[in-house]
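I opened this notebook to keep track of what I looked up, one entry for each topic.

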Amino acid sequence: MVDLSANSTVKQDTAWDCCDVSKEAIETNQAYIYVNKELQRVTKEAVRELDAKDILLIFPEKSKMNTTVLVLKTPKTESSVRKVFLPRSGGRI
């Protein structure tokens with residue numbers, strides 16, 4: 001299941017650079033999402049130990065008492081970067 005959220009905390013200029021869900025693309029079955037980032041919850045310790053390697057964005061913490069943070073990062077493997085075409089029904093959001 002794919003969840004495309006219009007409300008994104010990612011910077012506005014990069015939020016939609018990885019997909020085409022235009023009306024024309026949906027109608028011609030060419031709608032797609034380019035997967036080149038992933039969300040992951042990691043420990044704060046891991047972020048420090050890895051010196052934030054491959055992390056594009058660390059989301060704001062809701063509580064300083066948390067031991068984990070939500071990060072936007074590059075995928076672990078090259079094969080995880082891919083273009084996923086959406087079926088016509090999936091493009092109608």
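Predicted model: local features only at pLDDT ≥ 70, side-chain atom pairs only at ≥ 80, totals over all residues.

The entries below go through a sheet, a pocket and one lysine.

I looked up the strand order and found an open sheet of three strands, arranged β3-β5-β4 with antiparallel pairing. Because β3 (38-43) and β4 (55-58) stand at the edges with a single partner strand each, one side of each has no neighbour in the sheet. From one strand to the next, I noted a twist that averages 40°.

Entry on the pairing of β3. I then followed the antiparallel pair made by β3 and β5 (residues 68-73), and I counted six bridges joining the two strands. Within this pairing I wrote down that valine 42 has valine 69 of β5 standing opposite.

Entry on the pocket. I turned to the second largest pocket, for which I noted a volume of about 160 Å³. Its lining consists of Arg41, Phe59, Pro60, Glu61, Lys62, Asn66, Thr68, Val69 and Leu70, and when I sorted these residues by class I had four nonpolar, two polar and three charged.

Entry on lysine 73. Leaving aside neighbours within four places in sequence, I listed the contacts of lysine 73 as Lys37, Glu38, Gln40, Asp54, Ile55 and Leu56.

Technical notes:
Residues numbered from 1 in each chain as written. Heavy atoms only, no water. Pairing = 2+ DSSP bridges. Helix = DSSP H or I, 4+ residues; strand = E, 2+ residues; numbered from the N terminus. Axes fitted to C-alpha atoms, helices over the stretch in contact; angles between N-to-C directions. 1 Å grid on protein atoms, 1.4 Å probe; cavity = no way out; pocket = protein on both sides within 12 Å on 5 of 7 lines; lining within 4 Å. Points joined across faces, edges and corners; volume = space filled by probe spheres on them. Nonpolar A, V, L, I, M, F, W, Y, C, P; charged D, E, K, R; others polar. Contact = heavy atoms within 4.5 Å.
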